[in-house]
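Happy to walk through this one with you.

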Amino acid sequence: MTHVEADPQAMMRALIVHPDDNVANLIGPGKQGHQVSCVVEGQDGIETIELVDDLPSNHKLARRDIQAGEPIIKYGLTIGKASQAIGRGQHVHIHNIESGRGRGDLNRE
Amino acid sequence: MRDSFYGYVRDDGQVGIRNYVLLLSGTLYANPTCERVAHTVQNTIPIVHPLGRCQIAPDLAQTFRTLVGHGMNPNAAAVIVIDHFKEAGCEADAIAHEVAKTGKPVEVVNIRNAGGAVQATAQATNLAVELNRKVTGQRRERVGLERLVYGINCGTSDVTSGLSHNRCVGWTADRIIEAGGRVLGAEVTEMMGGEALIRQKAKTPAVAEKLLGYIEKMEHEILACGVDLRGSQPTGDNIAGGLSTIEEKSLGAMMKWGTKPIVGAVDYAERIGGEGGLWLMDTPGHGGESITGIAAGGAQIMSFATGGGHTINHPLMITMRLTGNSESWSRMGETMEVNVSDIFDGTPLDQAGERLFNEVLDICDGKMTKGEALREWNAFAITRCGPSV
């Protein structure tokens, strides 16, 4: 059996800013199906997450499965909540999370 | 670690890092006269704007305070206030009177009294030449970092902001505060969602309450418009860059504050107190309005941290731009000074932070920014409270 060298392009990296975070920040663009090596700040070791979606440069991916309505945690703090269920490795952005602040639209009849 | 810079010590104890003759336009109708003089006489800086007339009282007071704050900024060695009519509440003589308290030379040119804009241009041109002769004999002196007010701001943020360049600004802010200096941040829109962190970092409960009051006021104003903040904040370019919510943008923006306590909070364009440490000002997230407030607050230099790249440059407060986004550096490096994108390749924060710190002090000592070289005078904008009347 021949050993297949990993494609360097496939080695994607991401940063998890705080150990409590449920999202990771991709470094550069991401391709569906590729493995992402995630560094957790302040911790040793690497977490590997498979990308479920194509991601634009530096966007976020889910570190674990997130239920609809659950808070999205980055920097160890809440940055919004999930507007639908999000699976591990999925793109996390305005299509599936929403802000709780400055929402004058929610005040209207 | 460097602990000093070379600047122009002013009569009131402030230290300029530049030695300009400032041309301060009292009202929009004096702008072209200011600009003609600025294009004719070396070492002059024009401050032009669309305000100063038909404003409600709180706005007029804010315009007045902002213009006076620029006249008092130590990067101005001398000031010429140029005005059109007499505008109650924002009068050229009153601006000059306040600025003169610093001890620097101040002159007033009134377009109507001069006999029109052409005569006023001639009069202001002569004055600018004479003031240049008067102030440019001054030599730089070595002073400690306790004489520095370091402005911090960010714009065109993306996901790299909170992870790289904003943290370098925070690192530099920490070093300046450790040396006794003052750091001045702002951008209340980008404090929304960061209330818990503000409570932790404020030196006293009173400072925290003042800041939380600014946030509440801003959020109330947004809600009163009946609109969704999304699309305006985060802006379209923030969202394209991967920032999903204002809370995410805020927490990334607050990385610029470093790790030191917040010692005070001031209103828009108010001059900060003398205590060393981190100060914060009530400004919107809008870059030009925010950095104009900071310049009026007394900052000599500004680090503007940007994800997408930026041309922003205040005319008087020397503005250096940095990014941690390598793609933005390659696209927009011609109007930025520092690249810290190697943080994503493993460069430790200490190293990238020190690179920024050294560049800031080099610029204080006289090294020209790209914005200065290009005379990219694009970021003077006064925040408004109400409608024109």
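This is a predicted model: local features need pLDDT of at least 70, side-chain atom pairs count only at pLDDT 80 or more; totals for chains, interfaces and linings use all residues.

Q: Why is Tyr75(A) called buried?
A: A residue counts as buried if 20 or more other C-beta atoms lie within 10 Å of its own. Tyr75(A) has 22 within 10 Å, so the label buried applies. Tyr75(A) sits in the loop between strand 6 (71–74) and strand 7 (77–82) of chain A, and its phi is positive, about 60 degrees, although Tyr75(A) is not a glycine.

Q: What makes Ala269(B) count as buried or exposed?
A: Ala269(B) has 27 C-beta neighbours inside 10 Å, and therefore it counts as buried; the cut-off is 20 or more. Ala269(B) lies in the loop between strand 10 (262–266) and strand 11 (277–281) of chain B. Its phi is also positive, at about 65 degrees, although Ala269(B) is not a glycine.

Q: How do you know whether the span of helix 5 of chain B agrees with its 19 residues?
A: At 1.5 Å a residue, counting one less than the number of residues, helix 5 (residues 117–135) of chain B should span 27 Å, and its end C-alpha atoms are 26 Å apart, so the two agree.

Q: Why are the buried residues of helix 5 of chain B said to be on the same side?
A: These residues are Ala120(B), Thr121(B), Gln123(B), Ala124(B), Leu127(B), Ala128(B) and Leu131(B). They cover an arc of only 165 degrees around the axis, so they are on the same side of helix 5 of chain B. The face turned away from that buried side carries the exposed residues Val118(B) and Arg133(B).

Q: What do the buried residues of helix 5 of chain B pack against?
A: Their partners in chain B include strand 3 (20–25), helix 1 (31–40) and strand 5 (76–83).

Methods
Residues are numbered from 1 along each chain as its sequence is written. Chains are lettered from A and ligands numbered from 1 in the order in which they are written. Helices (H or I, at least four residues) and strands (E, at least two) are DSSP runs, numbered from the N terminus. A residue is buried if 20 or more other C-beta atoms lie within 10 Å of its own, exposed if 12 or fewer, and partly exposed in between; C-beta atoms are placed from the backbone. The arc is that of the directions from the helix axis to the C-beta atoms. Two residues are in contact if their C-beta atoms, placed from the backbone, lie within 7 Å.
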